[in-house]
Amino acid sequence: MVERLALALFFTFKFPPCYFFIDTANLDQIQEAKDLGVLDGVTTNPSLMAKEGITGEQNILNHYKAICQIVDGAVSAEVISTDFKGMVEEGKRLADLHENIVVKVPMIKEGIKAISWFTENGIETNCTLVFSAGQAILAAKAGATYLSPFIGRIDDSSWDGMELIREIAEIYSIQDYDTLILAASIRSSLHIVQAAKSGADVITAPLAPIMGLLKHPLTDIGLAQFLADHKKANG
Ligand code: E4P
């Protein structure tokens with residue numbers, strides 16, 4: 001009994017459960033994922049905002065506020081600027097919207113400078129568009145709160161996205177970096193399972209792959225049988 005408790009405690013501290021974010025700017029889908037009771041946060045990007053028809057600075061800011069009203073967890077809001085000064089100004093405006101806003105910054109030279117500035121000033125960041133372990137080291141050194149390696153886009157170019165997650169997880173563990181690995185560009189339910197196995201701290205996925213986790217034909221067959229037997233016995 002004591003041994004089991006010690007083991008449970010070890011795993012609790014060593015491997016915290018991975019967090020679940022939804023990767024969309026669609027309010028209905030965010031609400032649907034939230035209603036499942038397993039949602040820890042939201043990631044967006046300029047393409048996802050445009051897909052929802054959200055344009056113009058004020059509308060975009062209002063939309064982030066609306067997302068924060070639905071989900072009590074980290075909400076990544078991406079800067080459009082590509083220079084240090086612009087990113088800092090924009091990031092401050094985004095962070096002021098709500099305490100749960102995480103400023104999403106691209107993995108470029110000016111972005112790393114901006115992440116360092118945000119870190120020093122207590123603003124959480126998500127370093128996005130990450131495709132290599134070298135980039136992951138730089139973002140961690142700058143103090144990024146989250147790091148977003150793009151699994152699906154790596155797979156699309158015939159490299160192995162999951163291998164990158166494993167490599168970063170190993171480096172972060174050896175170096176004891178605090179940055180959380182946020183597996184992004186998830187394309188399937190299998191990607192979610194593989195990312196969890198590969199050491200991702202956070203997985204962000206569109207609604208369909210999240211809902212796909214529910215599916216198994218034996219569950220449906222088993223439930224139909226249970227209900228039929230109950231009906232037969234009870235009329
Ligand atoms: C991550 O934060 C990005 O918004 C997203 O996962 C990119 O996914 P895509 O490659 O499917 O566009």
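**The ligand and its pocket**

Modeller: A polar side-chain atom of Asp-23 lies 2.6 Å from an oxygen atom of the ligand. That is a polar contact (a pair of N or O atoms within 3.5 Å). The model is predicted, with local features needing pLDDT of at least 70 and side-chain atom pairs pLDDT 80 or more, while totals for chains, interfaces and linings use all residues. Numbering runs from 1 along each chain as its sequence is written, and side-chain values use heavy atoms, without hydrogens and water.

Biologist: Which residues are around the ligand?

Modeller: Near means a heavy atom within 4 Å. The residues include Asp-23, Thr-43, Asn-45, Lys-104 and Phe-150. By class, the shell has two nonpolar, three polar and four charged residues.

Biologist: How do I read empty space?

Modeller: Rolling a probe the size of a water molecule over the atoms shows where empty space is left. A pocket is an open set of points on a 1 Å grid over the protein atoms alone, where a 1.4 Å probe fits, with protein on both sides within 12 Å along at least five of seven lines; lining residues have an atom within 4 Å of a point.

Biologist: Where does the ligand sit?

Modeller: In the second largest pocket, meaning more than half of its atoms lie within 2 Å of the grid points. About 340 Å³ of space lies in this pocket. Its lining has 23 residues, with Asp-23, Thr-24, Asn-45, Leu-48 and Pro-206 nearest the centre. H3 gives the most to this lining, three residues.

How values were computed. A polar contact is a pair of N or O atoms within 3.5 Å; within protein, one must be able to donate a hydrogen and the other to accept it, and residues adjacent in sequence count only if both atoms are side-chain atoms. Ala, Val, Leu, Ile, Met, Phe, Trp, Tyr, Cys and Pro count as nonpolar, Asp, Glu, Lys and Arg as charged, and the others, Gly among them, as polar. Grid points are joined across faces, edges and corners, and a volume is the space filled by probe spheres set on the points. Helices (H or I, at least four residues) and strands (E, at least two) are DSSP runs, numbered from the N terminus.
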